[in-house]
Amino acid sequence: MDLLSNRRFRAIAFQVIVLVGFLGALTYITNNAITNMRALNILPKGNFLSEPGSVDNLSWVALDLMTVSARDPIWQFLVGSAINTIYISILGIFFATVLGFIIGVMRLSPNWLVNRFALVYVETFRNVPLLLWILLINAIVFLPWPSPKEALPIFDAFVASNRGLYAPRGMPLDGFSIVSYVFLLGIIAAIVWSFIARRVQAKSGNQLPVFWVNLGLIVGLPLAVFFALGGPLEWETPELKGFNYRGGVKLLPQFLALLTALSLYTASFIAEIVRAGILSVNKGQREAASALGLRPNLVMNLVIIPQALRVIIPPLTSQYLNLTKNSSLAIVVGYQEIVAVFMGTILNQSGRAVEIIGMTMAFYLSISLLISFIMNLYNRSVALKER
Amino acid sequence: MADQDKTGANFVPTPPRDAPVNTVGMGAMIKKNLFAGPVSWVATPVLLFIIVSVLWHVFSWGLLRATNHGASNRTCHLAERTSLLSQHEITILMADKLLLSKSYQSQDQRQFWVDSQSTWGRFALGTLGFGPSYGELLTAEIMGNREVSRALSQRAEILATINKDIEFIERNPDPDATLHPGLANVVAGKDLLAGREALKAAVTAQDPVAFEAARSEFDDMVHWGEAHNGACWTVVKRRWQQFMYGFYPKEQVWRVATTALLLLLGGLSLLWPGRSSASRSLSAAVVGGLIGYTVSSGVGLASGGLLLALALSVGLALLYEQLDVGKRGLIFFLGFPLVAIWLLIRFSLPQAITLPSTWGQWVFGLIMMAIWALFFWQSWQRQTQSHSFKPITNLVYLAVGVLTFYVFLTVRVDVDGQQLSSFQELLGRLRLSDVEVDNVWGGLLATAVTGLTGIAVSLPLGVILALGRRSDLPIVSTFSTGFIEFVRGVPLITILFMASVLLPLFLPEGVTINKLFRALVGVSLFASAYMAEVIRGGLQGLSKGQTEGADSLGLSYWQTQRFIILPQALKISIPGIVNTFIGLYKDTTLLSIIGIFDLLGVGSRSVLPSLEWARLEAEVYAFIALFFFVSCFFMSRYSQHLERRLATGHEH
């Protein structure tokens, strides 16, 4: 019995048991699955992705860049719906971050009304399921929108109807490409300029005006060129033709409902993270910075926020991941993203449950890994530099 | 010395002054808290405006203008439609009046206008029944007034709907539904056309007095309608049963209520262990009485009902006095799930125990008396040992003894010609029918079952996964890490789809499990991955010295975890654990997507698609949202309370 009390032996034996158990279970499950799938005649065979789908038309919702029509092969539906997921995730992350930071800072305001407002916001949105927010926002804001025939244009440019929110679209004329090149150049120049400014500051301690110069480079310069060329842009406004509006950019109500709910909901979590991050910075840091004579906004920008970011980034990453995964709830309002289209309609009509669920999961896993990777890179840049 | 005394005597201290006016009092407080700087000067009024307007809208919609009358959405919408119709009528007739005062009066001129310009008018003329008159068309055309043309085009439609509403309400009168007085007026004098004709006649006759009189009646209608076009809580009132129990058979609902009360009893004993024994026993007595009442009224037990309630009440109170928290917890955790499954799905115990005759009753009665005697004896022993005589406790014991004797041994009830004891009668009535789970369980019942099962499974599983992830054994830690990262990387909805679509494929042929159970598997696995990460955080928060200390004491791995590591790790991860619970609880709403009638599923898949309650999305979702808000809010408050109480205070 010496062997049984040998630590090494026990470790190996235990792991072997675990492994054998796992493999055994796996074999059993696979066998069952194969038997059942054979009985149901849904064994994976052939390349179902190139078979034609027969669902509603699918469009890349906001920009009409890509349209998949009913008889197109299934892989196009997969790509289109995946793009829709990514699209709404990026927009949601942007709005949630902006709003979350604002609410988080408001939560720390000395103004009683402001911080109570932020508190109530956070508690309200955190304590109700996201699915209900999506449905509720859709029901309160978007369902009552009138039909296109009855919808009244706002400023002759925007139309809010139950078919969608229409906004004017800029149609580039000749010469507009010059403006976009100048814009790109401006961005590059701004990056170079901030690099130079950092070098100068590291060397001499002089601070160069980075913000205003960059604003001029990125916004001012292209605007100047734009007006110098005589404004080579024509606005196409939506017009009522028949029973619907045509022209302009169309934003579907379900897209807007989902985006609003995702942003508001996630913002409440981000606000708490931001608040915790700012509070985690030692009070002495603020006092020392003030003692050095920095103005309050400089104290915030140069001392508090860089240190708070170290605490904020990891949980913020997981909120971004949550938002991306939560975009799958679009299925209840009918926004055409991957779960609704690929795992919903296409699964129902093709019956390829194993492949489709597997591919959808793989898609989300790779998105998760990608976001984690990007945020880790960013985290490394703000992490404490130990020398 | 004298000099000093003298100067001391001459010293007149300056009288204390009041604090500067602008640092004390209401004004200063407001200034400091609301108007401290230029940003505040802008932010405070803006926020105040937003808050007041949002609150006012919610309050006015949800309470002031809300109704809960009638038997369907038609009663609620009738007010809104009536007001809209009246508004349209007024618009149209005002325009008519205006038109009459102008010179376009001759029939030829009208005809000319209609023929030459108004293609839309000719189209509208073609619509039968409610087609607008020439004058009305002319009004719309000449004035180019969008509101008039809108009123014209919508009036017919609304009027038709209103007539349908009234017909529907008259056809389906709900016995206990009352119509709001104003609504009853509309339904009673249902011909809105009459008022309209009067108004029109007044316009044609150019009789200002009659016109004003007719108009003011319409005005009243508009105001009344506008005062009642808020939320329609009728839906919640009428479908309350479904929101709570789904499609659980109505006459069996007492079983759910009993289970809930048992849960409450367990909760009382576990979640507030710090209460004094008296208040604990009292609450146990109250809940016991409620359970007895629910059971007896549920099974239709007439005579024994009160006795059962009393017996359960006193019995539970005494049981609570006898057992400490640990034992109560053990009884609860082992007993509750079994009892709950029995009660909710099938209660087969009485079928197993059939008492044919009086001797069975005697055996039961004697066993009960023996148990009573044992408890009494124990209590007596304790009293003599501690030299503290408790008269009330003893009185209660005696009362229980008499009651037990009475209930089990003497009372006779006549059931189908047989003389039975009330206990036998109860057992006889407890032969319950089976209740299906799929498509029958629903509402809060399904939500609560999912939430509680998820919590009960995910905590132990999470601990195991967390320990596995931190394990030195490479295979164990790879498996744990792989599972955790996989589950955390995909949305819950895909896991639920997997559980509901793929799980049946993985089972041997012929084995089926119901939909709710499949969802439970998915939810529990999902929650345990998140739980594992929270607990891992707690484990990492402990210093290495704890493990090393335990090792040096010669404790085994499991002893170390059980006695040293986990108690500390779980304590510091309580906020995270409760957050995961809240998340899990909120995530139960996703069950509605895979076809289970949970609280949200009942709303979105049973209530809203029905004809009577269509288009009441805002009300239904707001009700469910409010429910979740209240429960989640209290859960998070409870976690903060627990955190404070468990803080042993060695941090600072």
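B:Arg615 sits in the loop that links helix H29 (599-607) to helix H30 (617-646) of chain B; helices here are DSSP runs of H or I with at least four residues, strands are E runs of at least two, and both are numbered from the N terminus. This is a predicted model, so local features need pLDDT of at least 70 and side-chain atom pairs count only at pLDDT 80 or more, while totals for chains, interfaces and linings use all residues. Residues are numbered from 1 along each chain as its sequence is written, and side-chain values use heavy atoms, with hydrogens and water left out.

The phi of B:Arg615 is near 65°, a positive value in a residue other than glycine. B:Arg615 is exposed because its relative accessible area is 63% (buried means under 20%, exposed over 50%, and partly exposed in between, with a 1.4 Å probe and protein chains only).

Over on chain A, A:Lys241 belongs to strand S8 (residues 239-241). With a relative accessibility of 48%, A:Lys241 counts as partly exposed.

Take the contacts (heavy atoms within 4.5 Å) in chain A between residues at least 6 apart in sequence: 68% join residues at least 24 apart.

How values were computed. Chains are lettered from A and ligands numbered from 1 in the order in which they are written.
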